Amino acid sequence: MSLPAPLFMDWLASRPFTLGMSSGFFGFFAHFGVVKALHENGITPARFTGSSAGALVGACVAAGCPLDRLEARLLSLTKQDFWDPSPGMGLLRGAHFRAMLASLLPISDLSQAPTPVAVSAWHGRTRRTRVLRSGAAVEAIYASCAVPGLFQPASIDGQRYWDGGIADRHGLASSWPGERVLYHHLQSRSPWRSRQSAALEPPQRTNLVTLTIDGLPRSGPNRLEQGYQALEHAYLATQQALAQPVTVGRVHVFANDKLGAGCQMPDA
């Protein structure tokens, strides 16, 4: 006779786990909502890993940025905070974005993070994903978030880097087979990936549990208020998910509260 599926809360509390978070354009709002809900239930990841939006939230939290301060910054974010068009290999220079990261991070080197963290970035010369665990924290996070065409590339040791989601949308390049991982997967209908792309499907492997939340508002540079709503949706949905069973390595919930649901997730 098979054992009943464990509740999500019990699975998380039973042993240490890594929190992995996917890329997803302005999906950092939703990622933070998940982290906030876990924190309020006394659940702290032993390690963080991620790409792009996932790297932004994971690295800031791992570095020790207080959650209330990070939340306040996200909920006060305006387009002017990161919008600095300049000639180059991308619309935005990225100086504003770097300045915002510097104001949030209490560390200068990624290796100084109180909780271990690894972020994925795409190395332009080799056209491959590289995992960054050390080096200038601001530039490492910026590299992982540097969406081609939108942001100009990061420069690390004289080499150009772009968004980690290019080849590691799941943000799990630093994880290993059998590692105990909670993976928050941002649903997406990315216009530059085929519907059959493996990057759009959550990975399945031993000891990995995927959290997916349907119906999150779609955010972007001109729809930041949707991001504020996505944060609240994800927070409430994660609270609900903690009481759900883990079924075939997945917990799947819907954002269905008074803020309204049914919008699409940000593209990745």
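Helices (H or I, at least four residues) and strands (E, at least two) are DSSP runs, numbered from the N terminus. The model in your viewer is predicted, so local features need pLDDT of at least 70 and side-chain atom pairs count only at pLDDT 80 or more, while totals for chains, interfaces and linings use all residues. Residues are numbered from 1 along each chain as its sequence is written, and side-chain values use heavy atoms, with hydrogens and water left out.

Of its 268 residues, 56% are buried, where buried means under 20% relative accessible area, exposed means over 50%, and partly exposed lies in between (1.4 Å probe, protein chains only).

Next, select Ser 22, in the loop between β1 (18-21) and α2. Ser 22 is buried, with a relative accessible area of 0%. If you leave aside residues up to four places away in sequence, the residues that Ser 22 touches include His 31, Ser 51, Arg 169, His 170 and Tyr 183, contact meaning heavy atoms within 4.5 Å.

Now select helix α2 (residues 28-40) together with helix α4 (residues 67-75). Two packed helices are described by the angle between their axes and the distance between the axes. Here the angle is about 155° and the axes are 11 Å apart, which makes α2 roughly antiparallel to α4. The axes are lines fitted to C-alpha atoms, for helices over the stretch in contact, and angles run from 0 to 180 degrees between N-to-C directions; those under 35 degrees count as roughly parallel, over 145 as roughly antiparallel, 65 to 115 as roughly perpendicular and the rest as oblique.

To see where the two helices meet, show the side chains of Phe 28, Phe 29, Phe 32, Val 35, Lys 36 and His 39 in α2, and of Leu 67, Leu 70, Glu 71 and Leu 74 in α4. Sorted by class, this contact of α2 with α4 holds seven nonpolar, one polar and two charged residues; Ala, Val, Leu, Ile, Met, Phe, Trp, Tyr, Cys and Pro count as nonpolar, Asp, Glu, Lys and Arg as charged, and the others, Gly among them, as polar.

Finish at Ala 154, in strand β5 (residues 154-156), where the relative accessible area of 1% makes Ala 154 another buried residue.
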